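This report describes selected local features of one structure. Please consult the sequence and the coordinates shown below while reading.

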Amino acid sequence: MPELVNSLNWVIGGAQGSGVDSAANIFSRACALAGLHVFGKREYYSNIKGEHSYFTVRVAETPIRSHVDNINMLVSFDAETVFRHSSDVSEGGGIIYNADIAETKIDEVPTIDDHASARIKKTLEKAGLGFSVQDALEHARSRGVVLYPMPYFQLLEEFAKKVNDPALSKLTRMTNVMALSASMALTDFDSGLLARAIQFIFKAKKRVAETNVQAADFTYNYAKAKFADQNGFRYKLQAKPADKDIILVQGNQSSAMGKMVAGCRFQTYYPITPASDDSEFLESNDVLDLYDSGDKGSTVVVQTEDEIAAIAMAIGGALAGSRVATATSGPGFSLMAEALGWAGINEVPVVVSLYQRAGPSTGLPTRHEQGDLNFAINAGHGEFPRIVFASGDIEESFYDTIKVFNFAEKYQMPIIHMLDKAIANSVMTCRVFDTNKTRIDRGLVADKISDSDRGAAGNYLRFKLSDSPLSPRIPLGTENAIFWNTGDEHTEEGHITEDPELRVQMMDKRMSKLDLALREIADEDKAVLYGNPDADIVLVSWGSTKGAILDAIDRLQKDGISVKFIQVRLLNPFPSDLVRSLLGNSKTVVDIEMNYSGQLGSLVRQHVGRQPDYLVVKYNGRPMSLDEVYNAVRRISSGNAPRRQVLKNGT
Amino acid sequence: MALKLADYKTDVHNDWCPGCGDFGILNAIQMALADMQIPPHRATIFSGIGCSGKTPHYIKTYGIHTLHGRVLPFAQGAKLANPELEVIAVGGDGDGLGIGAGHFVSAGRRNVDMVYIIFNNAVYGLTKGQASPTLKLGMKTKSLPQPNVNNSVNPVALALVSGFTFIARGYSYDIRHLKDIIKRAVEHKGLAFIDVLQPCPTYNDINTKEWFQGLDNIDPETKRVMPRIYKLEDTGYNGVVNDPSELNEKMAKVVEKSNEWGSKIPIGVFFQNEHVPTYQERLSARIQNYMEYPPAHQKIADANGRPITNIEGLLDDLRVDK
Ligand SMILES: Cc1ncc(C[n+]2csc(CCOP(=O)(O)OP(=O)(O)O)c2C)c(N)n1
Ligand code: SF4
Ligand SMILES: [Mg+2]
């Protein structure tokens, strides 16, 4: 088989806590240092130690935005990874496995649940095989997969002897780096770059870094020598000159960095996956560098007693004049509903970073879903204005974060910034974030008020009724500008009222801010069109499905299938006119979403009057792959698709 | 020009029932603000929901009437974003010790420098007199269908074990005494809690003004009325922890005193301990310039709206082209 250079889908698996993440981070970093583009995603159980986790990293010479189903290189050191993933390794691909555990039977692996076990056994049984690691490997081999046994225990011993440190022979934790290193040897990857990546990942621990570099080197040479006589692994990774200004960034850092730039100086949170990382990143970097050296910058991050306190505290901070945010996921957001309405009626700018995961209730706590769109738009009783905005990928989430803070303050309302597990737990190469492209707009905020802003009683009219629905915000503590807030309907001063006429005026004032936002927000922030504008098939989606859809469009293009894609970014208020015009005369509308019911599809029908012709949905907790989207759209284009396709891939 | 009591009053119609104990608390807060000459704009009164929740609308300072049970998180958020604000949180006993009890306990752990006053009437006033968390077991106030099946929480002891560093009790009809407590609470460095016994003439027909006065509590010998309320300070009680070594002893006294109820009910300062760092001090230990540049006072953009936060250091770490 011909060699394939710089196009690889690499997967490493292992028990949670056994170094899968570090190995994958080293691999991603090494490939990025080699001038290649990577897209990686992490899958894990709601568990701390022992359950199966794995990391998929796709490598290419051009930017990539999604994962694929077929594995070219499976890197393992435990039995479960072989059982769970070997059937996804494609012909010509390879499996690196622990030679010492080949005899392990599937029933001896307690973390493989009955359902998965039954599925795997069925496959092996069909092939006339038994239920051991060896059988699973044999099954793969029979399909043209190349096997690379690694005697990790023996290697550890030899390595310990070589570096004269007997204690190391017990250091099974290092098998992750050994396994990784073997895969690098098979792909002829530059071992110097691998060493640099290891040093980077372990930079806080010099000694650990050094030992790991040595172990990597040792294993690299071993694998080179041992597998030299085999015909050679088909997939190769070759360093090339790196594009300029590329970063390798994780999705749980990007929005947090956006918050720093946006000037969010107060963030509250209650721990929840996958949102906590955002707050922890801010807290780890709480003292900020400023270009303007006269001032000092810092972010106060408060871990609250629950999510009700988190949003209430954030609102308090906003009233005092700070840009504020709280980060949460579905269960926490459910608790925030009442306070969201308080921020709505009192016109308080507060940003909620909603990192969705699979619900309802605790759902699949560490898995992906886009099931909270309807809820984000409707959370809270009564009617009040809010902006719901969704980012499509890591890079967007940085810039969007700065934008949503501007929206919050310009329109004086709560903002729900939709992110999700797929974004938070993925890593990708992209262009370095450019803060020169960003601007801060704090909207109408006054530090002094004039007499014309006062009412009959001489008090500041915080909610003054005028031609514009926007009345200047005043930070608490401002001289001569006392006002009141209440969750009850209020007068212009902010006192309680039940007057029917005033009620209508205040509702109109608040709700018409949505019309204003819809007029003012740039089209590119409402919805973006990709692909051929004249295509007959149009895909509509929102959020993190963007990557798989764009990559699928490229592949479809090569097949001569022309489609376009509307990524809706502003979900509330809904940009009906723009979406209608982007839909144009397309014959076939396909709604693609990571939920059961096609929530965006319903919004399109509601606001644009166009019922999507096809629904492509997924709700098994695993993000959509490029292949799944590609196949689903191909089926539609060939006319053989059911109205609703449910995607089910993923381990 | 000196600020007068009138400067802290609004012209909003007060719709509390005639004779409600809330009036006394409102007056005491306004008197304390005037005594301390706190400029109205420097103070913010936060409240929860209930009859008591309406308090801020009657006071001419910034007034934030929040959600049922959530007054403490709102208030702490504002204070942490701008520590210069004089923050006073108020609310009902249901608000603070029922639906908001989790926030009460957590606020104690933080010790944010502010004041929290509970209007303790043993009922849910605004929802027409249901039992509140401070109503004693077996009591049947007039709108209860059955006697109270729950035991009552002890607000003073709960505040103590939660970590409040100033704990006092006032009585809404002893306005001067309450005013003095509020002043001490404002001056206290840390989180101050005041439990105010507040008769609700409409729904609590047990713990009435007359009951507190002891009109039914007659000394069998002298035949004189024995007021239930007495002042801790009149008995030589001193709850101030002067040295951390006294802590256990003083805490034990607080619990003992807080359990007094029935014919003798103490008011006054139960406890004060300034040896615990405030949340602001804890933040300053991490963020040196926190007090000078708190969240609300930080510059975040230049005159052209360009952000001034420099994340190059973080990005450099992520760069792969060097
Ligand atoms: C979430 C929520 N649940 C219920 C209510 C209804 N409610 C309004 S006031 C109140 C109780 C007030 O009692 P308390 O806090 O003791 O204040 P008081 O009226 O006695 O001053 C309740 C339950 C509400 N406003 N919000
Ligand atoms: S119901 Fe009770 S607490 Fe409420 S205003 Fe009337 S007397 Fe006061
Ligand atoms: Mg009450």
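Leaving aside its neighbours within four places in sequence, with which residues is B:Leu247 in contact?

## B:Leu247 in chain B

The model is predicted. In it, B:Leu247 is in contact with B:Val241, B:Phe271 and B:Asn273, once neighbours within four places in sequence are set aside. The residue is found in helix H8 of chain B, which comprises residues 247-258.

B:Leu247 has a relative accessible area of 28% and is therefore partly exposed, since the buried class requires a value under 20% and the exposed class one over 50%. Between B:Leu247 and B:Pro295 there are 34 Å in space, C-alpha to C-alpha, for a separation of 48 residues in sequence.

## A:Ser276 in helix H10 of chain A

A:Ser276 lies in helix H10 of chain A, residues 276-284. Its relative accessibility is 11%, so A:Ser276 counts as buried. The side chain of A:Ser276 reaches the backbone nitrogen of A:Ile272 at 2.8 Å. Not counting residues up to four places away in sequence, A:Ser276 touches A:Tyr269 and A:Pro271.

## Helix H7 of chain A

Helix H7 of chain A spans residues 191-201, and its buried residues are A:Leu193, A:Leu194, A:Ala195, A:Ala197 and A:Ile198. The cover over these buried residues includes helix H1 (20-33), helix H6 (175-186) and helix H8 (206-226) of chain A. At the start of H7(A), the backbone nitrogen of A:Gly192 has a side-chain oxygen of A:Asp190 within 2.7 Å.

## Helix H19 of chain A

Helix H19 of chain A, residues 546-558, has 13 residues. From its first C-alpha to its last it reaches 19 Å, close to the 18 Å expected at 1.5 Å a residue. The buried residues in H19(A) are A:Lys546, A:Gly547, A:Ala548, A:Ile549, A:Leu550, A:Asp551, A:Ala552, A:Ile553 and A:Leu556. Just after H19(A), A:Gly560 takes a positive phi of about 80°.

## Packing of helices H20 and H21 of chain A

The axes of helix H20 (residues 576-583) and helix H21 (residues 599-608) of chain A come within 10 Å and cross at roughly 100°. H20(A) and H21(A) are therefore roughly perpendicular to each other, because angles from 65 to 115 degrees count as such.

On the side of H20(A), the contact is made by A:Ser576, A:Val579, A:Arg580 and A:Leu583; on the side of H21(A), it is made by A:Val604, A:His607 and A:Val608. By class, the residues of this contact divide into four nonpolar, two polar and one charged.

Methods
Residues numbered from 1 in each chain as written. Chains lettered and ligands numbered in written order. Predicted model: local features only at pLDDT ≥ 70, side-chain atom pairs only at ≥ 80, totals over all residues. Heavy atoms only, no water. Axes fitted to C-alpha atoms, helices over the stretch in contact; angles between N-to-C directions. Helix = DSSP H or I, 4+ residues; strand = E, 2+ residues; numbered from the N terminus. Parallel < 35°, antiparallel > 145°, perpendicular 65-115°, else oblique. Contact = heavy atoms within 4.5 Å. Nonpolar A, V, L, I, M, F, W, Y, C, P; charged D, E, K, R; others polar. Buried < 20%, exposed > 50% of the residue type's maximum accessible area, 1.4 Å probe, protein only. Polar contact = N/O pair within 3.5 Å; in protein donor to acceptor, adjacent residues only side chain to side chain. Expected span 1.5 Å × (residues − 1).
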